[in-house]
Each structure stands twice: as C-alpha cells, then as structure tokens.
Amino acid sequence: MDFTLPPLLTAMVDRGNGLLWGSVLIYLLIGAGLYFTVMTRAIQIRYFGHMFKLLRSSRQSNGGISSFQALSTSLAARVGTGNLAGVAVAIYFGGPGAIFWMWMTAMVGMATSFVESTLAQAYKTDHGDNTFRGGPARYIERGLGLRWLAVLFSICLIIAFGLAFNSVQANSIAQAMEQAFAIPTWAMGLVLMAIVAPIIFGGLKSIAKVAELVVPLMALLYLVLALVVVAVNISDLPAAIMTIVQSAFGIEQAAGGAMGYAISQAIMNGIQRGLFSNEAGMGSAPNAAATASTRPDHPAAQGFIQMLGVFLDTLVICTATAAIIIMAGPELLAGEENNGIQLTQMALSTHVGDWGGMFIAIAILLFAFTSVIANYSYGESNIEYLAGRRAPLAVMIYRFAVLGMIMVGSVASLGAIWNFADLSMGMMAIINLVAILLLSPIAFALFKDYDTQLKAGKEPVFDPSQFPKLAKKVDPNAWPAKK
C-alpha cells in the first residue's frame, strides 16, 4: 500500500521542502547557533565538564520527572534511524568529509539547545501532578504574546512528530524485522501497538521511566560494539580521521579538479543530516526539557543537560556509525543500492560477520521504538496546550490516532507522508528559531545569573523576582521564589 498526495500538492510540498531545507533553514540554524555561541562565549566548550557534573544530581525529581529522565526522553527522539541510516546517507552522498560538518553543526547546535531548553524551563507551567509542561508554544505565547503563532507551532509539531514521524519509525522497524527475521510487516505492526499502548496510556511519567531505562542501555550496547570495531582496526584509525578531514575540505579531490563540488557536497550533506539527527533549534527537545524538576533549581540547569544531549547524539553515537562505515573500506560506497541502512549493515557485517546485519536490525528496533514514544510525548504536550480544559478527551483521541498511525506505517509506503512531515518540521523550526532569537536576552540573563551564583560557591537557585521582564510571565506554582 502506497500513500500518495495529489500531483499539485506533491509539487508544492517538494518545492517548499527544497526552499526550507535547501537554503533557509541551514543558514538560519547555523547562523543562530553561531550567534548563541558568541554571545555565551562558547558555553559548550567552557562548561563542557559542568554538563557531566550535573548528571550526578539529575536523577532526583521528588516524584516528578527528573532532569535525567527528560534528557533520556529527548535522546529517545533524537537517537533514531538517522543515527544509523542518516549517517550512511551523509557519507554516501557527501563523502567521509560530511562527518566533519556534522561535528561542526553539533558544536554550534549545543549552544542553540541550551537557549531553547533554558527558555522552556523558565516558561514552564505546573501540571498539577508534580510534573510540568512547556516548550516553544508556551514561551512563544508567554514570552512574545503571540498566541496565534504558538498555535501554528503546535499544529506543525503534532503533524510532524506526533503522527507522521511515528508512522515512519514504525515503517523502519517493520521493514528491518521482515528483512532480518522474516516477520510479516502487519504482525510487527500489531506487536508495536501492543507494546506502545500501555506506555503512552501511562502518560509522560511512564514514557520518562521507559526512556530512562532503555535509552542508556541501547546507546551503551551500540557504542561498545563500535569501540570493539575501532579497537580491532586501531591501526586504521589515524587514516580514517585523516580521510574525514581531507574529504571535508576537498583535499583528496583537488588533484582531479573537483575540489569545489566535493566541499559543497560534504558541507550540505553533513549539515542537513546533523540537523536532522540532533534536532537543535527545531523546537522538539524543549518539550521534554520543560517537564523536568531541575537540580539545581534553575532553568539553566536543564539547558546544560539538554546541551549534553546534542553532544551524545551527534558527536558520540553518529561518530560510532561513521567509524564502522569508514573503517570497512571505500569499496562499500561503490554500490548504488547501498546508500542507507544497507550500507551500515554491510559495513558492520564486514567487521563482525553475518550477525552484524541482525544486530543493526535490533538496533533499529530499539532506536525507532524509543523515538515513537518520545515523539508521542511531544505531541501530547502540545495537544494539552491547544485543548485547554478539554485536554483529557483530546489526549485520549490523540493516543488512538498514534496507535493507528503506527499500524499504517508498518504496512504502507510513506514517501508522501515523510515529505509532508519534513515540511511541517521545517515550518516549526523557523517559528522556533525566530522566537528564541527574540527571547535570547532572557536566556543570556538566566545564564549570567546561574554563572554568578556558581562562581560565588552557591548552588544556583532561580528567583523570578530578580528578573522584572520575566517575573509576571512565570507560573508561580512552577517557580516559587526562593531566597
């Protein structure tokens, strides 16, 4: 079964995606990241060690959702098929140098993630069950006073993450299981629905608990395997790193006169895949960031934690996939059909044998499954924002819609849905980037307040009364003033 859009609508969606992802979003995302990096004096470098120190207290939540659980939820959405197939696509079309530009994208994206997640915490609202809600919709309305823009953002997010991307993730799981273990796609769809249903019906606390358990485990297993591959091929590591750097700047192609084209392809594919993978600036991760009860009790604390999420997603997990592919040798890139997950499977099989393909299939199952429940959580938060008093009924309808999309995604070809979801995600990214650029002075002030208290030897505590422009817009139940 293949879902298609009318030709005119398909053409409009394709042109919209070409405009957004071909130029506008790349320049806006990278430009915003560089601006935030400069204004915070390279926060991602100066406070790199501090991110890990905060993990020590990030599991404390007083019965709510901890900072670590919020990080795990955002990582569940970030770490998906893009870390396996997306890296392979970047290398296939952009050469090994694309990985260098993925690294650079992640470095500036860390500063963007700090700003949007700090704002999400500052403007979060008390949900009444010892948890919080927030994200771009709430800081757009509360911070900028633009309710209509906040509503548009929420609609785009629900379409992209809540429904369409969940279908795509289910499709990845079903296809991988059918290829590796001959499980029919419809059967895998039913299994997925049976597993996902009790988790999403348990609410955001249930999702956070599952993410806290599964995400670290799946990431650790994948990284251990990648480290084994690197260790076995340790003599090839310097050459692999040199290949990435030389390819990034077209040095290898200079002799053939293709230097300019090689550089442009490496940059374009590296940046695009990097942005798809770490989602910095997209406005998705702030929905998870806002749910946390932070330790220390300050908005910037979750900003640092989510900054770590970008690092782990792209600079650690994507790099692991790149190492597996590049160390397998350049001959794998010659096959025209090996431009996605097949390339990663073949590369791993080259290192460890035939079971490598099965391992990747299981990895896809875990990566995509956690993305489904995390994407659902983003949608639920925005459904509640739009529905207001009718939220319980709206959330219930949304849960059944998600389960339905999982089944549809398992058995259908979703090229048209994927393209439409890309357009929705591009629109929400532009809305979010404009919002955080306008609200960035507040994020900078919060960072300065956190930094001042930290350097004075105190545990940073947020007192809204110290921020006149922010105090009246903060939910007093979410941030009771503390001295």
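A salt bridge, as I use the term in these notes, is a side-chain nitrogen of Lys or Arg within 4 Å of a carboxyl oxygen of Asp or Glu. I keep in mind throughout that the model is predicted.

**Entry 1, salt bridges**

I looked up the charged pairs, and by this rule the count comes to 4 salt bridges. I began with Asp-451 and Lys-455, whose side chains meet in a salt bridge at 3.2 Å, N to O. Both residues belong to helix 18 (residues 415-455), and because they lie 4 residues apart, about one helical turn separates Asp-451 from Lys-455. I then checked their accessibility: Asp-451 counts as buried at 9% relative accessibility, whereas Lys-455, with a relative accessible area of 62%, is exposed.

For Glu-380 and Arg-399 I noted a salt bridge in which the closest N and O atoms are 3.6 Å apart. This pair links distant parts of the chain, since Glu-380 sits in helix 16 (residues 355-387) and Arg-399 in helix 17 (residues 391-411), 19 residues apart. Both Glu-380 and Arg-399 are buried.

I also recorded the salt bridge of Arg-147 with Glu-141, where the closest N and O atoms are 3.4 Å apart. Arg-147 counts as partly exposed, at 37% relative accessibility, and Glu-141 likewise counts as partly exposed, at 29%.

I next turned to helix 6 (residues 97-122) and helix 11 (residues 237-248), which pack at an angle of about 85° with their axes 6 Å apart. Because angles of 65 to 115 degrees count as roughly perpendicular, helix 6 is described as roughly perpendicular to helix 11. On the side of helix 6 I listed Gly-97, Ile-99, Phe-100, Trp-101 and Trp-103 as making the contact, and on the side of helix 11 Ile-244, Ser-247 and Ala-248. The residues of this contact between helix 6 and helix 11 divide into 6 nonpolar, 2 polar and no charged.

I looked up helix 4 (residues 67-78) and helix 10 (residues 203-232) in the same way, and found that they pack at an angle of about 70°, with their axes 8 Å apart. Helix 4 and helix 10 are therefore also roughly perpendicular to each other. Helix 4 contributes Phe-68, Gln-69, Ser-72, Thr-73, Leu-75 and Ala-76 to the contact, while the residues from helix 10 include Ile-207, Lys-209, Glu-212 and Pro-216. I noted the make-up of the contact of helix 4 with helix 10 as 8 nonpolar, 3 polar and 2 charged residues.

Last, I looked at two residues in the loop between helix 1 and helix 2, Arg-41 and Ala-42. Phi of Arg-41 is near 55°, a positive value in a residue other than glycine, and Ala-42 has a positive phi of about 60° although it is not a glycine.

How values were computed: Residues numbered from 1 in each chain as written. Predicted model: local features only at pLDDT ≥ 70, side-chain atom pairs only at ≥ 80, totals over all residues. Heavy atoms only, no water. Axes fitted to C-alpha atoms, helices over the stretch in contact; angles between N-to-C directions. Parallel < 35°, antiparallel > 145°, perpendicular 65-115°, else oblique. Contact = heavy atoms within 4.5 Å. Nonpolar A, V, L, I, M, F, W, Y, C, P; charged D, E, K, R; others polar. Buried < 20%, exposed > 50% of the residue type's maximum accessible area, 1.4 Å probe, protein only.
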